[in-house]
Amino acid sequence: MIDVKLLEYLEEFISENRKQRFVDILAERTNYLTVAVEDVFQMHNTSAVVRSCESFGVQTAHLIEDRNGQHLDEEIAMGAQKWVDIKRYRSSKQVIDTLREQEYKIVATSPHADSSLLQDFKLDGKTALFFGTEKSGLSDYVLENADAYLKIPMVGFTESLNISVSAAIILQHLTSQLKASDVAWMLTEEEMLERRLDWTKKSIKSVDDILERYKSDN
């Protein structure tokens with residue numbers, strides 16, 4: 001359970017405008033749709049995907065860092081990593097098992113598989129979109145264990161797009177579809193309070209000292 005009194009206490013240290021901004025943004029956030037990025041070699045591409053998640057209201061990103069694990073490029077992410085929940089894994093099996101336990105449908109984005117075109121793809125349950133490496137795409141493990149496949153239609157000589165571009169196009173389309181539906185896609189009240197508390201802490205200088213003071217007084 002969230003310590004609502006702590007949240008109210010900490011919110012005294014941020015402006016009313018910022019408090020309202022958090023509320024407004026959280027009203028557009030979802031965990032109904034999530035993203036998993038598999039072993040991306042170029043660090044800036046993973047960071048750009050996280051930035052797209054933040055821009056289109058996807059609250060959680062799952063990063064699989066088997067061979068090429070690196071820290072996010074903060075210049076590319078533009079601070080998005082502060083507002084998106086980043087989950088890190090050592091293998092694709094680990095993230096798929098975790099997401100299945102949370103009742104997510106595993107969707108592999110690939111131009112090579114027997115994929116549904118983006119405009120024909122319909123969200124019919126909680127969905128996790130998997131994006132692969134720049135060089136070889138998704139691993140065989142993800143392709144063999146996916147529940148569905150998705151691709152962006154293209155009419156030129158180019159066979160595939162950069163992962164960060166693909167993620168932005170797909171997320172914009174599917175979040176628009178989701179928000180036009182009657183699905184309960186929003187964060188739960190508890191999830192919103194958790195994020196408000198986290199974001200408020202990240203917005204306060206010397207927050208550790210303030211938290212210590214709160215503990216002493218309570």
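E11 and R196 form a salt bridge (a side-chain nitrogen of Lys or Arg within 4 Å of a carboxyl oxygen of Asp or Glu), with their closest N and O atoms 2.9 Å apart. E11 lies in the loop between α1 (4–10) and α2 (16–26), and R196 lies in helix α8 (residues 189–202), so this contact ties together parts that are 185 residues apart in sequence. Helices (H or I, at least four residues) and strands (E, at least two) are DSSP runs, numbered from the N terminus. E11 is buried, at 8% relative accessibility. Buried means under 20% relative accessible area, exposed over 50%, and partly exposed in between (1.4 Å probe, protein chains only).

The model is predicted: local features need pLDDT of at least 70, side-chain atom pairs count only at pLDDT 80 or more, and totals for chains, interfaces and linings use all residues. Residues are numbered from 1 along each chain as its sequence is written, and side-chain values use heavy atoms, with hydrogens and water left out.

The structure holds 10 salt bridges. One of them joins R100 and D147, at 3.0 Å from N to O. R100 belongs to helix α5 (residues 92–101), and D147 to the loop between α6 (140–145) and β7 (148–151), so the pair links parts 47 residues apart in sequence. R100 is partly exposed, at 34% relative accessibility. D147 is also partly exposed, with a relative accessible area of 42%.

Another salt bridge connects D198 with R195, with the closest N and O atoms 3.6 Å apart. Both residues lie in helix α8, three residues apart, about one turn of the helix. R195 is buried, with a relative accessible area of 13%. A network of salt bridges links D85, R195, D198 and K202.
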